[in-house]
Amino acid sequence: MNRKLLFLLLFILFVAALFVALTNPGAPARAPTARGAATPASAIMAPTASQPRATANLPAGESLNGVPLDEIIVLPPAVIAQMRQVYQLGQAFGNDSRAFSRIGDSTIENPHFLARFDESPYNLGPYADLQEVIDHFQGSFARQGLAVQRGLHSWSVFDPMWADPLYCEPDESLIACELREQRPSIVLIRLGSNDVGVPESFEKNLRRLVDYALAQGVIPVLGTKADRNEGESNINNEIIRRVAAESQVPLWDFDRAAQALPDHGLREDGVHMSYFYEHDYTLPNALLTGHGLHNLTALMMLDRVWREVMDGG
Amino acid sequence: MAARVLAALFLFSFLAACDQSMSDPAVAVERYLTAKVTGGRQTLQRLLCSAMQDEIEREVRSFSGVSQAHLEGMDCRKDGDGSIVRCRGKIVAAYGTEQSEFPLGAYRVAWEDGEWKWCGETR
């Protein structure tokens, strides 16, 4: 008898538990909430066949450490033509022709990346012509912005959790937030060091990022990285080059420049660049340090885009 | 006899626990955030709403570029009819010798397949 009572009690408990588990007093009747700020991934432009003007404020054949400049600053005529359309679109959207943004990881953090060109002192030495582009984009160099984060990888670019809640809207990705706040005409993109071992994902996210920038009328400049975290395959840099070529956007191929440096211009950790505190390009070590060459080639890239695409200078 | 009673009590406790996570959106969000920090794919996939399933890879890898990611002071409560959950606390992660913090916020939840699911950020 006791046994029967116990089983009856257990059965009742079981049914009660099931009932509670399968019903939900707070469940809303409406359909599931859709995600509010899904990021558009489609590009708004098709490549154009229009003829670009003749290019290059930098003499043909010029090189850095023996590497031809046109292998570092890759801006072929077809890309210039397409980027001119993007720039015009951005102007119609109200983007600031005197502002650029950056998106990436710790390799482009302040204070070593570009900041000195706003803050001084620096000495451009034989590259004094670049002062014009520094003047034009004054204010953007020392601004790290909202899209540079340590440990950032390509998938975090669209993860709202990585966006700064002090400046960004809920469910707003870090790139959307940065472009809304800064309204740049150019965005320097430096990713890949933290995307090791997931090349398909990296490529997919990079394409999405490029398409997003284009849709906002912002010229995306894809930069390669100096490290070889993926091993000798260098696959992430190869992906960056391929995406730049296929999307017809400017390529800042810093990896190509870094190949000529001792240890690729990297510190002992194999990721971050060797320092160039002096920012004095008359010094013999200027082009032998990671940051020295990095900053110079970044300036050259901005200069080319400004002059060739935005009719600057 | 005693063993059967213990088994029955265990079953009951288990079912009661299941009920809490399925009927309380705040518990679902806490479980989701915990899985996001650790990269728990199965839990993330189960607790991610259908509208966001395309983002599963992003969610799984969210903190894989940093180390020692963990939650501090997480306290989530449902708001109103339960379709919004507001959380306090933060995710803390290390990168080299420095720490990064990611404050928790407000999240949408959706009732799907008999349980609450995380569905992105909201106000």
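User: What does Arg228(A) form a salt bridge with?
Analyst: Arg228(A) pairs with Asp255(A), and the closest N and O atoms are 3.1 Å apart. A salt bridge here is a side-chain nitrogen of Lys or Arg within 4 Å of a carboxyl oxygen of Asp or Glu. Arg228(A) is in the loop between E6 and helix H7 (235–247) of chain A, while Asp255(A) is in helix H8 (residues 254–258), 27 residues apart. Helices (H or I, at least four residues) and strands (E, at least two) are DSSP runs, numbered from the N terminus.

User: What should I know about the model and numbering?
Analyst: It's a predicted model, where local features need pLDDT of at least 70 and side-chain atom pairs count only at pLDDT 80 or more, while totals for chains, interfaces and linings use all residues. Residues are numbered from 1 along each chain as its sequence is written, chains are lettered from A and ligands numbered from 1 in the order in which they are written, and side-chain values use heavy atoms, with hydrogens and water left out.

User: Asp255(A), buried or exposed?
Analyst: Buried, with a relative accessible area of 0%. Buried means under 20% relative accessible area, exposed over 50%, and partly exposed in between (1.4 Å probe, protein chains only). Arg228(A) counts as partly exposed, at 22% relative accessibility.

User: Which residue forms a salt bridge with Arg108(B)?
Analyst: Asp171(A), with the closest N and O atoms 3.3 Å apart. The pair crosses between chains, from strand E4 (residues 106–112) of chain B to the loop between H4 and H5 of chain A. Both Arg108(B) and Asp171(A) are buried.

User: Switching to strands. How many residues of E5(A) are buried?
Analyst: 5 of its 5, residues 186–190. One side carries Ile186(A), Leu188(A) and Arg190(A), the other Val187(A) and Ile189(A).

User: And which strands does E5(A) pair with?
Analyst: E4(A) (residues 100–104) pairs with E5(A) in the parallel sense over 5 bridges. E6(A) (residues 219–223) also runs parallel to E5(A), joined by 4 bridges. Strands pair if DSSP finds at least two bridges between them.

User: Last topic, H9(A). How many of its residues are buried?
Analyst: 20 of the 20, so H9(A) is largely enclosed by the rest of the structure.

User: What sits just after H9(A)?
Analyst: Asp311(A), which takes a positive phi of about 55°.
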